[in-house]
Amino acid sequence: MSIAPFGAALDSVAVHYPTSWRMTQQGTVARETGGTALDGATCTFPAGAITGLLGRNGAGKTTMIGLLAGFRRPTSGTVRVGPEGYERDPWENPAIVSGVQVVRESGDVMPDEKVGVTLRHYGAVRPEWDADYAERLLDLFEVDTRKNPASLSRGKRSALGATIGLASRAPLTIFDEVYLGMDAPTRYAFYDELLKDYAEHPRTIILSSHLVGETERLFEHVVVVDRGRVLLAEPAEDMRARGTSLTGNATAVDHLAAGHRLLHRQELGPTVMVTVEGSLAEQEAAEAADSGVQVGSVPLQDLFVHLTSTTAQKESER
Amino acid sequence: MSVAGNLEERGRLARRRSTRAAENVLTNGMLVVGAWFWGTIILTSVVIAAVQGWFGGLDGGTLQYTLGSARWFMFSLGLILATTTLPMHLAAGGTRRSFVDGLIRSSVFVGLATGIVTAVLLLIEELAWGAIGWDWQFSQGLVPEGSFAVTAASETLVIATYILIGAMLPAGYQRFGAWGGSLWVLALLFLVIFVDWAVHTGYVFGWDTLADAGPGRTLLGLGGGVLAVAIASFGVDRLYRGVSLRSTIG
Amino acid sequence: MFDGPEPIYVQIATWIRAQVLSGELGEEEQVMSTTQFATTFRINPATAAKAFSGLVEEGVLYKRRGLGMFVAPGARQKLLADHRKRYFEEVLDPALTQADILDIPVADIVDYVLGRTPRSGGGAATKEK
């Protein structure tokens, strides 16, 4: 059964967590303090595209993903997921949630049963699951299927998550920072598999991250969230065009930068390098060329940091 | 077929698939661990019997003293499996509804398996005691002289209820908070006592032979067991259908 | 690869044009598929597709149904003509304007050009940025 890729949309969504109690597996009761995770978030995730969901830790990414997968309901606002033109509320909707795969750092596996038990359950629920592909991926990532997830290293658990995400072939597949635990070769193997399988089996993919660098060229679309709000949601090319770097003689650079919102400024002796919002107009570009100011693009990672840093001082990410 | 029709069909299939998947994963989990438990029970009973026999004779059976622990064991299995499986089930694309349906079916199925095993073991014990020449007695249950069918049926209902109560415990804590959760435990305890009383087994009622035994009491008792399973199923449905997967805020 | 300041699809298009110009990609030769492109350079396939569709519009590539993208017949000639034309507009004109500003006599420039041994193949016509 083949199904069209799912699109998703949030419309003025707010999520407030109440303070709650939860029983841990050890039988003790843990108190969880509440808070606001999303506050009037509106955006769309276009069907069939790879979208980067970017935001700092605690910005609301995971909550947003939980809404798309029907893990929870919003406090207010609407969430819609489904084939283009047929988006529905995912909450307790088997047609929709059976097509949304979220891979979270927590894994969502049976920690003390062999890996095979978990994979069998995913295969039993998911209509588009490809068991052979799952096996090939576990081989590729060198995950020992005789072990249980609890005894796997963090990297291998991430690889297991990546396997579940890819082999589910879900019309909406979301990776929530899973690849952070993997080592570089595994991460690259994951990107390659993702692109290859995405091309062969078109679907909607969301990659959430607070580290953009390595993945930025995979994105066709980006959604940036900051403190519970959507800062921007647009094609990745548009976001790249949001910033311009100017390097050169201080007076010339500052003159050019004057008409733009300054995002970042760095002095290197008599030379300065600034990042300004937007791109240069034609005559400004000519002026830059005449005065020897180098005009460059800004990596998404830098733009993202500039756009989401609350203070002028650039905070280093953990 | 139209996209909307496709979606509807997909929903029906997905619901059926994920209900079956939840039932299977829970049943397998409980049966695998349960098999270990029963192995231990049998071994313990044999050892007790052997030791007692060494000192000369034994009144009644030994199994009935170990049976009371079986239900609490299944209670804890219900608790652990329900809490660990739900996040995976939702992440795999299942709904709460299919999880609840699978859980209820699984608890009845595992209850039935346990009920039959119990009845078979008691039968074996009775025959063994007879062969050795000991006097076999069974003071638990609705039929004092023992009845395979009634024992299997009442044990089925008891185990199913206990599994579902186990599943309700942590979910109740999440719903009602720390203080409400403690009251919730009392409410669950009430249901525990009710089902034990109905079929006249367990740690509170299982010590003396049922005084007003008879076909009427048997029917009443089994009816009470069915009611307990129904109440527990209703409770599980109410608690789980609205549950949110709490993630760290991020 | 493709780390320049322009949008990635522009850089990809530039790279393919350069390959056609240099003859590395012959006419009627098949170009990498978007999937191959995406996995080789770890970029979004849609980005590669955008570059390709631009090149199809320019007439550098053409699509064979079910087979993929091929270099169009005459593509190299077309690109050569185009780049030659642009060489005067984009390279020589600004250089001569600059010469005017610096008061360099035209004769000096002509002497310089004539004194220079031309390299074979006219590689200087390829636009390098």
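Visitor: How many salt bridges are counted between domain 1 of chain A and domain 2 of chain A?
Guide: Happy to start there, and please keep in mind that this is a predicted model. The domain assignment gives chain A a domain 1 (6-21 + 33-235) and a domain 2 (241-308). Glu234(A) forms a salt bridge with Arg242(A), with the closest N and O atoms 2.6 Å apart. Between the two domains, the salt-bridge count is one.

Visitor: Which element gives the most residues to the side of domain 1 of chain A that touches domain 2 of chain A?
Guide: The contact takes seven residues from domain 2 of chain A and 16 residues from domain 1 of chain A. Across this interface there are five residue pairs in polar contact. On the domain 1 side, at least two residues each come from β10 (221-226) and β11 (229-235) of chain A. With four residues, the element that gives the most is β10(A).

Visitor: What area do domain 1 of chain A and domain 2 of chain A bury between them?
Guide: The centres of the two domains, taken over C-alpha atoms, are separated by 36 Å. Carbon and sulfur atoms carry 63% of the area buried between domain 1 of chain A and domain 2 of chain A, and that area is about 910 Å².

Visitor: Which residue takes a positive phi in the hairpin of β13(A) and β14(A)?
Guide: Strands β13 (residues 262-268) and β14 (residues 271-277) of chain A pair in the antiparallel sense, over six bridges. Leu268(A) has Thr271(A) as its bridge partner in β14(A). Two residues lie between the strands of this hairpin, and the one with a positive phi, near 70 degrees, is Gly269(A).

Visitor: Now for the other chains: which two chains share the most contacts?
Guide: Two pairs of chains are in contact.

Visitor: Which helix supplies the largest share of the side of chain B that touches chain A?
Guide: This contact takes 53 residues from chain A and 42 residues from chain B. There are three salt bridges between these chains, and Arg10(B) forms a salt bridge with Glu128(A), the closest N and O atoms being 2.7 Å apart. At least two residues of the chain B side come from each of α1 (3-54), α2 (63-91), α3 (96-132) and α4 (148-199) of chain B. The largest share, 12 residues, is supplied by α1(B).

Visitor: What area do chain B and chain A bury between them?
Guide: Polar contacts join 15 residue pairs between chain B and chain A. Carbon and sulfur atoms account for 63% of the area these chains bury, which is about 4100 Å².

Visitor: Which residue of chain A meets Arg42(C) in a salt bridge?
Guide: The contact takes 17 residues from chain A and 18 residues from chain C, and the two chains bury about 1400 Å² between them. Arg42(C) belongs to a trio, with Thr39(C) and Asn44(C), that supplies 43% of the area chain C buries against chain A, more than any other three residues. The count between chain C and chain A is one salt bridge. At 2.8 Å, N to O, the side chain of Arg42(C) meets that of Asp192(A).

Conventions: Residues are numbered from 1 along each chain as its sequence is written. Chains are lettered from A and ligands numbered from 1 in the order in which they are written. This is a predicted model: local features need pLDDT of at least 70, side-chain atom pairs count only at pLDDT 80 or more; totals for chains, interfaces and linings use all residues. Side-chain values use heavy atoms; hydrogens and water are left out. Contact means heavy atoms within 4.5 Å. Buried area is the accessible area (1.4 Å probe) that two parts lose on being put together, summed over both. A salt bridge is a side-chain nitrogen of Lys or Arg within 4 Å of a carboxyl oxygen of Asp or Glu. A polar contact is a pair of N or O atoms within 3.5 Å; within protein, one must be able to donate a hydrogen and the other to accept it, and residues adjacent in sequence count only if both atoms are side-chain atoms. Two strands pair if DSSP finds at least two bridges between them. Domain bounds come from an automatic or database domain assignment.
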